[in-house]
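The following tutorial concerns the reading of a protein model.

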Amino acid sequence: MAPRKHEGGMYATQKKNQIGNFNIPEGIKDKFDEKLIEPLETYVKEKQELDDIEAVVALFKLYSFYPEKENKTIIETTQLKALQCLPKQHYTVLTCILNTKTEKLKKIQEMADALETCQFKKFWEIREKEKKDINEMINEKTFDANIRTFIMNTIKNTYQTMETKTLKEMMGTEDIENILDKTVTQEGTHIHFAKGKFNKTQYKNRDRKVDIPLAKVLSVISYPKYDP
């Protein structure tokens with residue numbers, strides 16, 4: 001039986017001469033050929049966002065096979081793009097492949113840790129300190145907008161009410177009016193989020209009857225005691 005095809009994703013069925021949406025140039029024998037690094041780098045650099053994770057994974061694996069060929073700037077820029085994809089696991093996947101360590105990657109990891117542990121205020125503090133280096137690698141407005149989308153979705157799935165001051169700190173901006181959507185209302189000093197699947201109160205039914213077979217109860221009661 002032929003393998004089932006999946007639309008997109010890392011496990012989509014690929015043509016022999018293709019990695020993700022990247023077409024392997026003629027003359028390159030396989031996906032582990034050192035000559036594949038340069039055209040893959042060009043392809044990845046042209047992408048404004050990380051929308052072809054399979055091609056990036058292939059490039060990072062080639063870097064692990066040929067460490068002398070790795071381009072640290074591409075690695076750092078790509079990891080920043082991966083952060084914009086949260087809650088997708090692109091950043092974690094790529095980090096597991098990497099053996100490279102730089103000061104910039106260390107700071108990017110600190111930002112990733114802050115986001116994944118919901119320490120959003122700390123994220124923006126690091127972001128501000130590293131603003132110059134980050135803005136040289138990626139589009140500032142796109143990066144911040146994507147991060148704020150992730151933070152807002154996380155907050156909406158967690159809280160029903162929050163002080164406006166706290167939300168501004170978490171979002172890293174005083175201008176939150178342009179970020180709020182129709183599911184969010186502002187009353188005085190507080191922000192109210194619409195109740196959803198994850199942020200509504202869950203009640204347990206303590207009156208629910210549990211049926212335990214009598215035979216099972218008797219088997220426990222009559223279990224022979226150990227007599228040394």
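The dialogue below moves from the whole chain to single residues.

Q: How many helices and strands are there in the chain?

A: The model is a predicted one. Its chain holds 10 helices and five strands. Of the 228 residues in the chain, 36% are buried.

Q: What share of the contacts between residues at least 6 apart in sequence join residues at least 24 apart?

A: The share is 58% in this chain.

Q: How are two packed helices described?

A: The description rests on two quantities, the angle between the axes and the distance between the axes. In this structure, helix α2 (residues 53–65) packs with helix α3 (residues 72–83) at an angle of about 145 degrees, and the axes are 12 Å apart. The crossing of α2 past α3 is left-handed.

Q: Which residues of α2 and α3 meet?

A: From α2 come Val-56, Leu-59, Phe-60 and Tyr-63, and these meet Ile-74, Ile-75, Thr-78 and Gln-79 of α3. Sorted by class, this contact has six nonpolar residues, two polar residues and no charged residues.

Q: Is Val-56 buried or exposed?

A: Val-56, in helix α2, counts as buried because its relative accessibility is 2%, and the cut-off for a buried residue is under 20%. Setting aside residues up to four places away in sequence, Val-56 touches Val-44, Leu-50, Thr-78 and Leu-94. Val-56 and Leu-40 are 16 residues apart along the chain, and their C-alpha atoms are separated by 7.9 Å.

Q: How is an aromatic pair to be read, and how many does the structure hold?

A: The structure holds five aromatic pairs. One of them joins Phe-32 and Phe-65, a tilted pair with 5.8 Å centre to centre and 55 degrees between the planes. Phe-32 lies in the loop between β2 (22–23) and α1 (37–46), while Phe-65 lies in helix α2, so this pair ties together parts that are 33 residues apart in sequence. Phe-65 counts as partly exposed, at 46% relative accessibility.

A further tilted pair is formed by Phe-60 and Tyr-63, with 6.2 Å centre to centre and 35 degrees between the planes. Both residues lie in helix α2, three residues apart, about one turn of the helix. Phe-60 and Tyr-63 are both buried.

Q: Which residues touch the most other members of the largest nonpolar core?

A: That core has 58 residues, and those that touch the most other members are Phe-60, Leu-83, Leu-115, Ile-151, Ile-155 and Leu-167. With nine residues, α2 gives the most to this core. Beyond residues up to four places away in sequence, Leu-83 touches Tyr-91, Ile-108, Met-111, Ala-112, Leu-115, Phe-143 and Ile-147.

Q: Where does Thr-164 lie, and which residues does Thr-164 touch?

A: Thr-164 lies in helix α9 (residues 164–171). Its relative accessible area is 8%, so Thr-164 is buried. Leaving out residues up to four places away in sequence, Thr-164 touches Ile-176, Gln-186, Gly-188, Thr-189, His-190 and Ile-191.

Among these, Gly-188 is found in the loop between β4 (184–187) and β5 (190–193). Gly-188 is exposed, with a relative accessible area of 67%. Its C-alpha atom is separated by 9.1 Å from that of Glu-163, which is 25 residues away along the chain.

Conventions. Residues are numbered from 1 along each chain as its sequence is written. This is a predicted model: local features need pLDDT of at least 70, side-chain atom pairs count only at pLDDT 80 or more; totals for chains, interfaces and linings use all residues. Side-chain values use heavy atoms; hydrogens and water are left out. Axes are lines fitted to C-alpha atoms, for helices over the stretch in contact, and angles run from 0 to 180 degrees between N-to-C directions. Helices (H or I, at least four residues) and strands (E, at least two) are DSSP runs, numbered from the N terminus. A crossing is left-handed if the near helix is turned anticlockwise from the far one by less than a right angle, and right-handed if clockwise. Contact means heavy atoms within 4.5 Å. Ala, Val, Leu, Ile, Met, Phe, Trp, Tyr, Cys and Pro count as nonpolar, Asp, Glu, Lys and Arg as charged, and the others, Gly among them, as polar. Rings of Phe, Tyr and Trp (its six-membered ring) pair if their centres lie within 6.5 Å; planes under 30 degrees apart count as stacked, over 60 as edge-to-face and the rest as tilted. Buried means under 20% relative accessible area, exposed over 50%, partly exposed in between (1.4 Å probe, protein chains only). A nonpolar core is a set of buried Ala, Val, Leu, Ile, Met, Phe, Trp, Tyr and Cys residues joined through side-chain atoms within 4.5 Å.
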